[in-house]
Amino acid sequence: MADDTPADPARFLVRGRLENLPRRRADRDLVLRWVAQGVLPLEEPVGERALTGRLAGLARDPVGLRRELVEAGLVTRTRDGAEYWRTRVTEFDPL
């Protein structure tokens, strides 16, 4: 991309919801960064139920999406999975 404007992840939404993650890795990573920034403030712990509720408002599979966020390294969780927090800044964060 020639400019500094991030690609628009909204193109992957269906009527404002994420029905499926994109297959292409670059698109999937873009959407995951956008979701992480939208549901979790930086370094603010959130309980598992609260995070799943936030993701349910956005996605068809909130539990799978939560797992994807952790596997992508965008969200960290306690060993028992009781709390989640975001530690990575994305291009969607206001600077």
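Trainee: What does the accessible surface of the chain come to?
Mentor: It comes to about 6000 Å², and 47% of that belongs to carbon and sulfur atoms. Accessible areas come from the Shrake-Rupley method with a 1.4 Å probe; for residues, only the protein chains shown count as cover. This is a predicted model, where local features need pLDDT of at least 70 and side-chain atom pairs count only at pLDDT 80 or more, while totals for chains, interfaces and linings use all residues. Residues are numbered from 1 along each chain as its sequence is written, and side-chain values use heavy atoms, leaving out hydrogens and water.
Trainee: Which elements are there, from the N terminus on?
Mentor: They run α-β-α-α-β-β. Helices (H or I, at least four residues) and strands (E, at least two) are DSSP runs, numbered from the N terminus.
Trainee: Okay, helix α2: which residues are buried there?
Mentor: In α2, residues 48-56, the buried ones are L51, T52 and L55. Buried means under 20% relative accessible area, exposed over 50%, and partly exposed in between (1.4 Å probe, protein chains only).
Trainee: And what covers the buried residues of α2?
Mentor: The cover includes α1 (25-39), β1 (46-47), α3 (62-71) and β3 (83-86).
Trainee: New topic: where is L42?
Mentor: L42 sits in the loop between α1 and β1. L42 is partly exposed, because its relative accessible area is 37%.
Trainee: How much of the chain is buried?
Mentor: Buried residues make up 36% of its 95 residues.

Notes. Contact = heavy atoms within 4.5 Å.
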